[in-house]
Amino acid sequence: MMQGLIYTVNPDGTLQRMAPSAPESEDRMQSLVAKYPELISDGDGELLLIKREQTILDSEQGAGRWSVDHLFVTRTAVPVLVELKRAVDPRLRREVIGQMLEYAANATAYWQPGKIADSFAMTASQEGADPDKTLADFIGEQDPASFWSQVDANFRAGQVKLVFVADEVSRELARIVEFLNDQMRADVRAVELRWYTSALGHITLSPRIIGETERTASAKRLSQSPGPIATTEWLETHIRPLGPDFERGAFQFLKAIDKWRARAEISNTHASLYVIATDSNERPIYPLHLWATKGEVSFSLKWLFNKPAFADEGIRRELYDQLVEIVGPLSTGNLAGLPSFLVKQLASEDLSEKFTDWGARLIERMKNGASMGA
């Protein structure tokens, strides 16, 4: 396909001619997309970089066999796998399609929960940024623990986006992308990132999204949204199959929430039931989650430690130790993590009462920041 010239008008009124060109290397393309992901974003809005060259496993215990060029996530917790090729690369059409499908198939089959969050934290730290602040700036008032849980749930369910990026997309590749997007649960896109260069070496980039149709986008939005679910239905679906002790413990957990005058909500992807309390300014705080996968209750220190009332590690240590005295060892000793225990432990009436008292003191600290007794 022939490309025409484009022109830019300088502040002094002079005209600058931009001629079609090509990126000098694939790494140059990758660096720009990693730094400025808006170059390839579409209706999903901004993207958060998880990692460049993200490892993909080929079995449960396997080592990393492949790596995808970029892994991003959207604000709605959809993983975005990106593969870039220059138009001069002969693998652009046939091989890159098979390669990306292989990545997606194995990533969704063998992805380890928590891996995306860990990769993001490592990437942000390597760039000298605070992972928690970077995430908070991206997701706003969303609960980080719920966000990462939804990312993992979407990955396991195959609700991902596959994006092919090239400086020129052939008609053949465009037809394949449109066909796959119509047929697959995953969203499939191609982004043609045209390059133009001036005589002075200035570069202009012109992205074009290929593959999205309103009909397909609407159908996928409807099919991918599990919709609202009642708490009782969620418990029957996710907790009852784990056994009677889990079910009794979950009902004790709900009774505790009621006594705390907090409320329970189900996450958008049904991955967890979470507690919502409020601070003294009526802003929401998310102290505890009950997870669908293993029936675990997590103490959301990963979210709370950024709040003034919990900034002191000694306060978090005190709360952590008190919880250990009640339910026994927790899954992690990380005071900025998600220590958890099995909800079936709350089936014990005595233990449940102690947990309820502990939670009441936790909620009180959220409300006014006052010191807590043992």
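Biologist: Why is H289 called buried?

Modeller: H289 has a relative accessible area of 0%. Buried means under 20%, exposed over 50% and partly exposed in between, with a 1.4 Å probe and protein chains only, so H289 counts as buried. Mind you, this is a predicted model: local features need pLDDT of at least 70, side-chain atom pairs count only at pLDDT 80 or more, and totals for chains, interfaces and linings use all residues. Residues are numbered from 1 along each chain as its sequence is written, and side-chain values use heavy atoms, with hydrogens and water left out.

Biologist: Where does H289 sit, and what is in contact with H289?

Modeller: H289 lies in strand β12, residues 288-291. Strands (E, at least two residues) and helices (H or I, at least four) are DSSP runs, numbered from the N terminus. Contact means heavy atoms within 4.5 Å; leaving aside neighbours within four places in sequence, the contacts of H289 include D143, S272, Y274, E296 and S300.

Biologist: What makes the pair H289 and S300 a polar contact?

Modeller: Their side chains are joined at 3.1 Å. A polar contact is a pair of N or O atoms within 3.5 Å; within protein, one must be able to donate a hydrogen and the other to accept it, and residues adjacent in sequence count only if both atoms are side-chain atoms. The 3.1 Å pair therefore qualifies.

Biologist: On to the helices. Why are α3 and α5 called oblique to each other?

Modeller: Helix α3 (residues 115-126) and helix α5 (residues 144-156) pack at about 125 degrees, with axes 8 Å apart. Axes are lines fitted to C-alpha atoms, for helices over the stretch in contact, and angles run from 0 to 180 degrees between N-to-C directions. Under 35 degrees is roughly parallel, over 145 roughly antiparallel, 65 to 115 roughly perpendicular and the rest oblique, so this pair is oblique.

Biologist: Which residues make that contact?

Modeller: I116, A117 and F120 of α3, with W148, V151, D152 and F155 of α5.

Biologist: And how do you know that α3 is roughly perpendicular to α4?

Modeller: α3 and helix α4 (residues 131-139) pack at about 110 degrees, with axes 9 Å apart. That angle therefore makes α3 roughly perpendicular to α4. F120, A121, A124 and S125 of α3 meet P131, T134 and L135 of α4.
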